[in-house]
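Let's take a walk through a structure together.

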Amino acid sequence: MGHAANINFYEAGNKGIMSWLITLDHKRIGLMYFITTMMSLCIGGIFALLVRLELMFPGQQFFDPNTYNRLFTLHGAVMVFWFIIPAIPGALGNFFLPLMIGAKDVAFPRLNLLSYYLLLLGMAINLYGILHGPGADTGWTFYTPYSIKTGAAVVSMVVGVFFMGFASILTGLNFIVTVHTLRCPGLTWFRLPLFVWAIYSTSILQVLATPVIGITLILLTLERTLGIGFFDPKLGGDPVLFQHFFWFYSHPAVYIMILPAMGIISEVIPTMSQKTIFGYRAIAYSSLGLGLVSFLVWGHHMFTSGQSELANFVFSLLTMATAVPSAIKMFNWVATMYKGSISLATPMLYAIGFLFTFGIGGITGIMLGVLSADMHFHDTYFVVAHFHYVMMGGAAIALFSGIFYWFPKMLGRMYNEFLGKLSFWFFIVGFNVTFLAQFVAGLNGMPRRYHDYDSVYAGWNLISTVGSWGIALGILMIIINVVYSSFKGPKAPANPWKGKTLEWAAESPPVLENFEKTPTVTSGPYDYGLKA
Amino acid sequence: MSGAHEHLDHAHHFESVEHEFEAGKLGMWLFLVTEVMLFGVFFAGYGLFHYLYPEMFKEAHHHLDKRMGALNTVVLLISSLTMALSIAYIQRDNVKRAKQMLLLTLLCAAIFMVVKYFEYSHKIHLGILPGDLFKAADFQAPNIALFFSFYFVMTGTHGLHVLIGMAAILWIYWRMGRGDFNSRKFGAVEFVGLYWHIVDLIWIFLFPLVYLVV
Ligand SMILES: [Cu+2]
């Protein structure tokens, strides 16, 4: 032992940029994911602001239709593949999963680093198509036959996504094995923190679903280069088959994005309420349950694509079943807060915001799952607003909650509480203004992805664009807060929130292999002495 | 946590060789699941078009060489056996025999690829190629190139897996020669073996489906 026991992982071991780039430490890899995905959020956000700017008034404002098509495609692709999918598992999962189960690292540290570089490789290939090629104009869904015919850089987009998918698979595989084999003594399955359950369920989806999109995108590449014809009606192929394969992944992918977010909420709410979680097993099982049903509902994206009526009926019914596990979680979170001693610090504000916005996102999801209603809603702004309530009002808002919640542990410093709260209010107001307006425009029939629109939608679009600036300011404040507090924030104690899960037993920031001595667990993760 | 001076026979975040082996094995099984999902996409697509165009599939599959396919099936089955034997030998510390079995496995894999080469070159000679490259004229059914696109994509992807498997077998052969494995520690051999079995198993499904079923 060459060093004193309490040196944190930033100072222990090697220093310099190379020690980060080739590190095998899950905490450093997690921080690299954190920086990368936050940059992705900014890039995707800039595309979003430009899209909203163009749609501020009817008619052409700043961009011609072709440029506009590229902007909304890149907004979608960057937000989904560069930001939301890797963000929570890659950054917070990597940093906290081993800490929360009392392990020294993930099961396969080299594979972990490889995942990160596969993500970067995928991004680089995408960037090549965006900067040196003509960009992409297919939307993030790459639907055939348009994606076969367009002159845009579809190949570099989908090959990039293939590599990012590989990264996602390997991360999931790594986490599953980690949870199975590296839990510390006494940490039984039903003593696992719910964030671990959520990441575990997510990982199963990553392993099972991602290969399907990976090979489908390779087939699309072969379609464009060799004309193999699987998805090209001209050659006897079936474009709806592409939609089936695409959504067989991309519906579960919605849960790859939202399950880890729910895991964060399940940590923040009991700690910030200083109360035992209500319905621990129900929440744990509902994560697995959501993962399972998510494989059975992909057809709800194809109600208008000429599926058989029977298939439409079954997919519609099963889609409504997804509401059950989600609702179980919602009720349990609210019940956990009941009579708790609630602290309204920034992480909790974001978590409470999540309950509202995800609630709206979930309920409008049921509306979209209703077959008859979806005939009207399909491909309108109602859909756009719905999935932004789930993705941004669900996944992203929970990520922000998690960032503030675990900031003291990751950086060893406290963030600025005032700026944190201010960011929340800008974000939540801006968010609801932006997307409630889109719900109304969509209900009135405004189609999504159009460059121009009828003047009857003008008012709602103007409101939506103004709202998007609120979101931007909120996120800007988060980034300023994180960057500033990383260097100037006051030193954080080991356990600022009086949390009971294992990561709070480690130092802030943790030592090189997380704990001085492998911990032994003797009780559940949220044992606050108050039974719910 | 121990310093670098202490030489462990397992990674530092595991407790023992057995612990590390258990983790590696679970990881390998999960990887095999991803392979099954990958080929599942091919099988689903193949099944759909077989259902849509039975006449076309019937006509096209007569142009596949069933004898070469059958030969390759036998070759791969033998290679699975030799792979399993190699693991059995290393578990008994018989490095010499284990290495021989790996070489036999490699030989089978090479035979498979050579047969594949003859199959492909014959088709290419006749102008039977995937997609746009399809040049053969003496076919009745429309869009018959679609069948051969499936044939080349499916067997091509499988062939790629065989090549990757050969590289992996070479790698453990080299490590075995270096003395990395013994009856206590043989994880990598077992994992490559698992991979090799799934590559064989996929062929066992692929061969009758594409070559035989009408
Ligand atoms: Cu869906």
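Start in chain B, at D93(B), which sits in the loop between helix 3 (66-91) and helix 4 (95-126) of that chain. Helices here are DSSP runs of H or I with at least four residues, strands are runs of E with at least two, and both are numbered from the N terminus. D93(B) has a positive phi of about 65 degrees although it is not a glycine. Most residues other than glycine have a negative phi, and most peptide bonds are trans. With a relative accessibility of 43%, D93(B) counts as partly exposed; buried means under 20% relative accessible area, exposed means over 50%, and partly exposed is in between (1.4 Å probe, protein chains only).

Before going on, a word on how to read all this. This is a predicted model, where local features need pLDDT of at least 70 and side-chain atom pairs count only at pLDDT 80 or more, while totals for chains, interfaces and linings use all residues. Residues are numbered from 1 along each chain as its sequence is written, chains are lettered from A and ligands numbered from 1 in the order in which they are written, and side-chain values use heavy atoms, with hydrogens and water left out.

Now zoom out to the whole of chain B. It has six helices and zero strands, and its C-alpha trace spans about 70 × 30 × 25 Å along its principal axes. Of its 214 residues, 50% count as buried.

Over in chain A, F142(A) also has a positive phi, about 55 degrees, without being a glycine.

Leaving aside neighbours within four places in sequence, W406(A) is in contact (heavy atoms within 4.5 Å) with residues including L92(A), F96(A) and W504(A).

Next, look at how some helices of chain A pack. Helix 7 (residues 194-226) and helix 8 (residues 239-273) meet at an angle of about 160 degrees, with their axes 8 Å apart. That makes helix 7 of chain A roughly antiparallel to helix 8 of chain A, a label for angles over 145 degrees. Helix 7 of chain A also holds S201(A), which is buried with a relative accessible area of 2%. Not counting residues up to four places away in sequence, S201(A) touches L259(A), S287(A) and L288(A).

Finally, find the copper ion. What coordinates it? The donors are H251(A) (ND1), H300(A) (NE2) and H301(A) (NE2), at 1.8 to 2.0 Å. Donors are N, O and S atoms within 2.8 Å of the metal (3.2 Å for Na, K and Ca), and water is not among the atoms, so sites may look incomplete. In sequence, the donor residues are spaced H-x48-H-H. H300(A) counts as buried, at 14% relative accessibility.

Conventions
Axes fitted to C-alpha atoms, helices over the stretch in contact; angles between N-to-C directions. Parallel < 35°, antiparallel > 145°, perpendicular 65-115°, else oblique.
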